[in-house]
Amino acid sequence: MLALSFSLCRKELAVGQVSITVNGAEHILELEPRELLVYVLRERLGLTGTNVGCDTSSCGACTVLLDGESVKSCTLLGVQVDGHEITTIEGLATNGTMHPVQEAFHEQHGLQCGYCTPGFIMAAVSLLDETPNPSEEEIRHALEGNLCRCTGYQNIVRAVQAAAGVEV
Amino acid sequence: MATITELEVGRVVGAPLDRKEDAALLTGQAKFVDDMSLPGMVWMAVVRSPYAHARIAMVNVDGALAHRGVIAAFSGDELADEWQASLPCAWLPTEDTAQPNHRPLAVDEARYVGDGVAVVIAESRSEARDAAELVQIDYDPLPTVIDAEKALEDGSPLVHEEFGTNRCYTWNLATGEVDEEFAKADVTVKERYRQQRLIPNAIEPRGVIVQPFPATGELTMWSSTQVPHIARVTLSMVTGVPEAKLRVVAPAVGGGFGSKLNVYAEEALALVLARRLGRPIKWIEQRSEGYQSTTHGRDQIQEIELAATSEGKIRAVRAKLTVNFGAYLQLVTAGTPLLGAWLYSGAYDVAAYDFECTGVFTNTTPTDAYRGAGRPEATYAIERAVDALARKLGKDPLEIRRLNFLREFPATIASGLTVDSGDYDAHLDAALEILDHDDIRRQQSERRERGDTKQVGIGFSTYLEMCGLAPSRVLGAIRYGAGGWDAATIRFLPTGTVQVLIGTSPHGQSHVTTFSQIVAERLGIPYDDVEVLHGDTAVAPLGMDTYGSRSLTVGGVAAYHAAERIIDKARKIAAHQLEVGEDELEYENGTFSGNGNSLTTKELALQAWTAHNLPDGMEPGLEASFVYDPPNFSWPSGTHIAVVEVDTETGDVDLIRYVAVDDVGSVINPRVVEGQIHGGVAQGIAQALWEEAVYDEDGNLVTGSMMNYMVPSAAELPSYELGRTETPSPTNPLGVKGVGETGTIASTAAVMNAVVDALVPFGVTDLDMPATPERVWRALEEART
Ligand code: FES
Ligand code: FES
């Protein structure tokens with residue numbers, strides 16, 4: 001009896017199947033309506049590179065690309081991205097070669113503890129996609145939704161400039 | 001940036017090498033606590049008091065137990081027998097320091113909003129959190145006190161009834177004829193400053209996982225901590241788990257800034273519940289929860305007085321602190337303000353000194369170390385007071401500083417400690433040159449003359465810092481509960497790569513890179529052949545962990561000495577095999593030569609492993625350990641200059657330039673050093689201009705989430721202009737002084753002195769942090785009326 005009502009209750013919660021393409025691979029998932037995208041990525045798919053730094057959509061540690069544009073994955077429900085494409089930090093390198101933004105963070109010492117880094121990198125990739133040659137001012141404003149407590153941001157800004165091909 | 005292939009072996013120290021830490025972090029492969037899960041793992045959620053002070057009349061966990069997925073739930077009472085000792089406070093500065101019994105879950109009384117009252121264990125994160133809301137608790141609210149000065153008044157509500165007072169202790173340090181100096185002074189200044197409360201905000205929240213091994217009684221804890229070694233010792237005492245059966249691991253840790261220099265209730269709870277339930281337990285802090293349950297920083301009232309001659313020579317300093325400790329003593333709550341106790345005379349040669357600190361309990365989250373811990377507060381007070389003195393004498397603040405600088409080293413300062421080395425004119429000159437001081441002053445006077453609504457202010461901070469915690473004997477003398485040494489083991493493996501096991505525990509500070517550089521250079525092997533292992537008591541059992549800018553100055557020096565021991569042993573083997581006297585052997589970049597032959601350290605590692613041809617009686621293997629206890633603190637110094645533009649109509653402060661010239665002694669990796677300074681400066685600027693934790697009268701944290709506590713983003717902060725001077729520390733063979741906190745220590749004073757400098761013509765000199773538009777505007781309004 002108990003087992004039955006338990007599974008019934010599960011059924012009620014489930015919304016059926018959701019199909020999400022993550023880093024090029026399609027996943028068919030059964031999600032509860034309240035599951036946040038960030039936990040779908042981290043706990044259902046084991047993609048723990050996307051981090052969680054807050055509960056108020058303030059820190060940007062969870063930033064991923066949704067159809068190529070940066071979003072905070074803690075502000076979306078898994079069910080909302082049905083049929084969409086997600087790129088996480090794990091999907092950025094190609095054939096073992098780091099993306100130019102990853103390289104630039106490395107070369108410019110744009111990370112210390114590295115917890116904010118995946119979020120910053122995804123935000124920067126999205127920025128450079130829209131604005132290939134941003135000014136320092138534009139970079140600083142575009143990254144406003146991402147918080148870093150270690151670097152003081154200067155080397156993050158430099159890294160984005162370097163990735164954009166500016167001599168830094 | 002230089003890469004290792006461009007560098008000759010033996011030219012590694014001092015080079016801006018790429019960080020070894022980066023690859024895992026850049027690709028999402030680094031494993032933070034929340035990235036791990038274990039088979040059979042269950043989740044913990046803590047039920048917290050919504051009252052700042054209340055008697056706990058009843059706790060009923062039945063509702064939670066009935067919730068789907070819940071395995072267990074306990075009140076504080078039900079777990080009371082698990083605790084063999086209070087949560088640790090490692091520093092009781094006086095014999096009569098009041099130390100409350102701090103249980104991981106409150107029993108009878110909750111003493112701050114966020115105090116843990118009950119705990120729930122469930123199959124999943126969300127089930128644990130949902131069920132936590134079903135725990136029924138009846139509270140009888142009690143009177144609260146939030147402000148430290150009010151808490152000292154007669155009749156104040158008491159945080160801990162049993163002490164009959166909210167005073168935790170009063171601690172003094174006095175030298176010289178202070179009263180006489182004040183009596184005969186040409187001029188005195190007396191200032192009162194507020195160090196507002198701050199929330200550290202490491203971007204990774206805290207978290208812990210404990211795995212029990214019931215058959216043997218062993219437990220392994222992964223925790224987002226700065227102090228795995230200290231956690232192991234103290235949690236063993238709290239929980240009764242034998243230390244030898246407890247392994248603590250700090251995996252990738254996402255920043256700490258002092259907030260993870262602690263041993264927390266949730267670690268103790270996860271340990272005893274994993275032991276009790278026989279299942280792995282995980283707890284991950286939610287950010288807003290952490291705002292209440294992770295330690296805060298600062299929160300002091302500072303009174304500082306200077307006695308000086310009419311030329312501006314400072315003769316004596318008196319400083320008096322009233323510090324808000326919050327409801328309990330966490331690991332170093334009581335000692336934190338005292339880390340600044342010796343520094344209220346700054347970089348200046350002063351004859352007499354009197355420091356007094358009173359710690360006070362209130363119904364707030366405990367305060368503890370936050371980047372700089374005691375020293376930013378000291379620097380802020382003395383540097384602002386020096387400006388006040390300059391204003392009183394009508395002199396240039398730089399003239400006063402130069403008149404008073406310590407100039408002969410080693411220098412014994414007023415508070416009695418000895419400063420190792422320095423050249424304060426050098427960094428001041430260098431900073432002024434970067435700034436183009438004359439030009440900025442010209443702009444300032446032009447704006448003043450034409451009555452521009454945007455006024456320019458220039459602020460200086462010529463700071464002296466004491467770090468490299470610390471000579472163990474000194475720590476003992478000031479009643480700290482542990483030593484200040486650190487340890488390193490170097491193991492040369494038979495195939496020629498090297499493991500370095502270190503006792504410090506990095507969480508962003510680049511120890512893997514920096515320590516690799518030290519060891520690669522000494523052993524004459526490629527940087528990439530060195531692996532640095534840390535943060536695991538099973539791998540590197542000896543260590544004192546990472547805080548207080550100690551890792552390089554203590555742990556790095558231990559690694560250096562361990563490498564020397566490797567070289568000594570390798571030399572003996574080389575002498576034996578090459579058939580020459582040890583002193584006839586030349587050693588350079590990993591090669592011993594003599595008698596027309598040579599052997600490399602790598603070759604000798606293999607020889608030591610096969611042990612076929614070693615000197616009589618020598619132990620096989622090429623491995624060495626060193627435990628280093630520093631003979632002195634280390635003493636970085638520097639000049640930071642802030643230039644601000646203040647809108648006198650709106651109160652808006654715009655930080656337009658920030659110059660920092662630091663002398664942190666010799667530098668192992670300039671890129672890493674620069675990064676540390678950037679980050680530290682950003683945190684200090686943020687304290688000066690934006691951040692403040694605010695409680696209401698009832699003890700609710702008004703700034704309760706990242707939405708209303710202003711952690712700055714890239715958009716608010718400027719680019720920093722850095723310079724460096726170098727006086728190597730003579731007390732350690734690397735000449736290093738430490739760099740983790742300089743930025744935070746120097747910067748609040750520079751920024752606030754700049755804001756005040758802009759406002760002096762309007763009669764505003766009394767201004768507290770953070771200099772928000774509202775606070776500046778009000779100060780201007782008050783001065784106008
Ligand atoms: S976790 Fe902080 S914004 Fe998503
Ligand atoms: S590198 Fe630590 S938070 Fe950004």
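Me: How many residues does the contact take from chain A and from chain B?

Reply: Contact means heavy atoms within 4.5 Å. By that rule, 52 residues of chain A and 57 residues of chain B take part. This is a predicted model, in which local features need pLDDT of at least 70, side-chain atom pairs count only at pLDDT 80 or more, and totals for chains, interfaces and linings use all residues. Residues are numbered from 1 along each chain as its sequence is written, chains are lettered from A and ligands numbered from 1 in the order in which they are written, and side-chain values use heavy atoms, with hydrogens and water left out.

Me: What area do chain A and chain B bury between them?

Reply: Buried area is the accessible area (1.4 Å probe) that two parts lose on being put together, summed over both. For chain A and chain B the figure is about 4,400 Å², with 53% of it on carbon and sulfur atoms.

Me: How many salt bridges are counted between chain A and chain B?

Reply: A salt bridge is a side-chain nitrogen of Lys or Arg within 4 Å of a carboxyl oxygen of Asp or Glu. The count between chain A and chain B is six. One of these joins the side chains of Arg158(A) and Glu674(B), at 3.1 Å from N to O.

Me: Which domains does the assignment give for chain B?

Reply: Domain bounds come from an automatic or database domain assignment. In chain B, domain 1 is 4-30 + 485-628, and domain 2 is 420-467 + 635-785. Their C-alpha centres lie 39 Å apart. The contact takes 23 residues from domain 1 of chain B and 19 residues from domain 2 of chain B. Between them, domain 1 and domain 2 of chain B bury about 1,400 Å², 67% of it on carbon and sulfur atoms. Across this interface the rule finds zero salt bridges.

Me: Is Thr727(B) buried or exposed?

Reply: Buried means under 20% relative accessible area, exposed over 50%, and partly exposed in between (1.4 Å probe, protein chains only). Thr727(B) has a relative accessible area of 14%, so Thr727(B) is buried.

Me: Where does Thr727(B) lie, and with which residues is Thr727(B) in contact?

Reply: Helices (H or I, at least four residues) and strands (E, at least two) are DSSP runs, numbered from the N terminus. Thr727(B) is in the loop between β28 (721-724) and α19 (742-759) of chain B. Leaving aside neighbours within four places in sequence, the contacts of Thr727(B) include Ser421(B), Asp663(B) and Lys737(B). Thr727(B) and Pro636(B) are 91 residues apart in sequence, yet 9.0 Å apart in space, C-alpha to C-alpha.
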